[in-house]
Amino acid sequence: MVTQQLSGLPDEANLRRADSLAREIFSDVANKWALLIIESLGERTLRFSELRAEVEGISHKMLTQNLRMLERNGLVEREVHPTVPPRVDYTLTPPGRALRETVDVMCEWTTRHLGHIEESRLRFAERTAP
């Protein structure tokens, strides 16, 4: 079915082509930090420091890079308020909110199958232990 969906697409929309825009966008958003940022923003507007607190383990540099990438791709809107110090708010755009629906499904899938995956990892570790 996926093969049928991909056949006949313009080159820039074909995920299977290494040089396609679709592959570049997919690669951008399909990383753990981007997905966690999208999930954290949800329907809210958050400041940089609030986002960093929401996404445990993310460095200042990684958060900055991912927010810039998400803004570049039109998934996050950045609003700078002229205060001292400057206040910067981040909000999902309509396409970002649409992507969040998919991220929510992935989160639900992870929760639903967590036990199975843990058991599989244990069996794998037992099988491959020296």
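**Basis.** I worked with a predicted model in which local features need pLDDT of at least 70 and side-chain atom pairs count only at pLDDT 80 or more, while totals for chains, interfaces and linings use all residues. Residues are numbered from 1 along each chain as its sequence is written, and side-chain values use heavy atoms, with hydrogens and water left out.

**Core.** I looked up the largest nonpolar core, which has 22 residues. Such a core is a set of buried Ala, Val, Leu, Ile, Met, Phe, Trp, Tyr and Cys residues joined through side-chain atoms within 4.5 Å; buried means under 20% relative accessible area, exposed over 50%, partly exposed in between (1.4 Å probe, protein chains only). I noted that I37, L41, L51, L67, L70 and Y90 touch the most other members. Two or more residues each come from α3 (32-41), α4 (48-54), α5 (60-72) and β3 (87-92). Helices (H or I, at least four residues) and strands (E, at least two) are DSSP runs, numbered from the N terminus. The most is given by α3, with six residues.

**Helix pair.** I then examined α3 against α5. In α3, W33, A34, I37 and I38 meet M62, L63, N66, L67, M69 and L70 of α5, a contact being heavy atoms within 4.5 Å.

**Sheet.** Finally, I found an open sheet of three strands in the order β1-β3-β2, with antiparallel pairing; two strands pair if DSSP finds at least two bridges between them. Because β1 (45-47) and β2 (76-81) stand at the edges, each with a single partner strand, one side of each is left without a neighbour in the sheet. I recorded three bridges between β1 and β3, and R47 opposite D89 in β3.
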